[in-house]
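Please consider the structure shown below. The dialogue that follows takes up the reading of salt bridges and of helix packing.

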Amino acid sequence: MVILSKPAIEQFSYIRNKQPATALFPPLIPIVDLSKPDSKHQIIKACEEFGFFKVINHGVPMEFISRLESEATEFFSLPLSEKEKTGQPKPYGYGNKRIGPNGDVGWVEYLLLMTNQDPNLATENPESFRVALNNYMAAVKKMACEILEMVADGLKIQPRNVLSKLMMDEQSDSVFRLNHYPPCPDVLQSLNDNVIGFGEHTDPQIISVLRSNNTSGLQISLRDGSWISVPPDHHSFFINVGDSLQVMTNGRFKSVKHRVVANSAKSRLSMIYFCGPPLSEKIAPLPSLMRGDQQSLYKEFTWFEYKRSAYTSRLADNRLMHFEKIAAS
């Protein structure tokens, strides 16, 4: 259990959720063993049916995971004035309760970092934190590239690095986020009343790689609109299909809508690597996936254009709607 100091966000009122997890017989979350030869087929199936899956035997050393979790716990235990000194120029760096510039709020504090720049780390031992961040991000980036190459193999796309090269590019606009959800003692233990930690949304990037400590809170939306809770597993990672990959597969994969609800007793600490392409990269359905006279469902756009649109929207907005092609009547 992660125990942290009294959070500064207690000064804010709660945002309550009136749409609880509702699936009567929730399906099992797909689990992909990356060491198995058929993992690429399992990934494709999970991306088509859920836009979400859990990976085991992922190759990320537990030492890297544990060390970063320890450093993050120490960071979020600092006084608010110290945490606010940490990070990179806005909109990156430390944030508290307010998620983005458009009025979204949640029971959360966070550290948002660009992956290709060293942050200013205002901790007692900033070099230790920096090493932990770099080791973890490098290992997760490697795993994410392997997953994207398995996606290419499963879709029979050549070359197999058509997706992973976007992450490996020096100009890759990938982002890393540490979220801390403090205990929320006033959470009502009711099926129809939860405190929102992070509101429902999809991720705009290609994929997102998530892990957390063993505290529950993450929920995903199924195709029928019902919500299910994702059992925590601090040894494993979870993969979200992002909006960009939905477009690149012309809607064959769907970006997964997800959210976090607050926990009444325990802190939740999560780490998310958002795999983004270079800002100038053009996002459109991959020609090799278009069959016959199949039409593109989306207008071509650059990642910069979509990112700008996404981050000027509310969390729950359907951001892709503005880039969908209108079918001829």
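A: Let us begin with Arg160, which is partly exposed at a relative accessible area of 36%; buried means under 20% relative accessible area, exposed over 50%, and partly exposed in between, with a 1.4 Å probe and protein chains only. This is a predicted model, in which local features need pLDDT of at least 70 and side-chain atom pairs count only at pLDDT 80 or more, while totals for chains, interfaces and linings use all residues. Residues are numbered from 1 along each chain as its sequence is written, and side-chain values use heavy atoms, with hydrogens and water left out.

Q: With which residue does Arg160 meet in a salt bridge?

A: Side chains of opposite charge can pair when their charged atoms come close. A salt bridge is a side-chain nitrogen of Lys or Arg within 4 Å of a carboxyl oxygen of Asp or Glu. Here the partner of Arg160 is Asp153, at 2.6 Å from N to O. Asp153 is partly exposed, with a relative accessible area of 23%. Shared partners join Glu149, Asp153 and Arg160 into one network of salt bridges.

Q: How many salt bridges are there by this rule?

A: The count comes to 14 salt bridges. One of them pairs Arg252 with Glu48, whose closest N and O atoms are 2.6 Å apart. Arg252 lies in the loop between helix H6 (243-248) and strand S12 (258-261), and Glu48 lies in helix H1 (residues 39-49), so the pair ties together parts that are 204 residues apart in sequence. Helices (H or I, at least four residues) and strands (E, at least two) are DSSP runs, numbered from the N terminus.

Q: Are Asp233 and Lys54, which also form a salt bridge, buried or exposed?

A: Both Asp233 and Lys54 are buried. Their closest N and O atoms are 2.9 Å apart. Asp233 is in the loop between strand S10 (227-229) and strand S11 (237-241), whereas Lys54 is in strand S3 (residues 52-56), 179 residues apart.

Q: At what angle do helices H2 and H4 pack?

A: Axes are lines fitted to C-alpha atoms, for helices over the stretch in contact (heavy atoms within 4.5 Å), and angles run from 0 to 180 degrees between N-to-C directions. Helix H2 (residues 62-76) and helix H4 (residues 126-155) pack at about 135°, with their axes 9 Å apart. That makes H2 oblique to H4, because angles under 35 degrees count as roughly parallel, over 145 as roughly antiparallel, 65 to 115 as roughly perpendicular and the rest as oblique.
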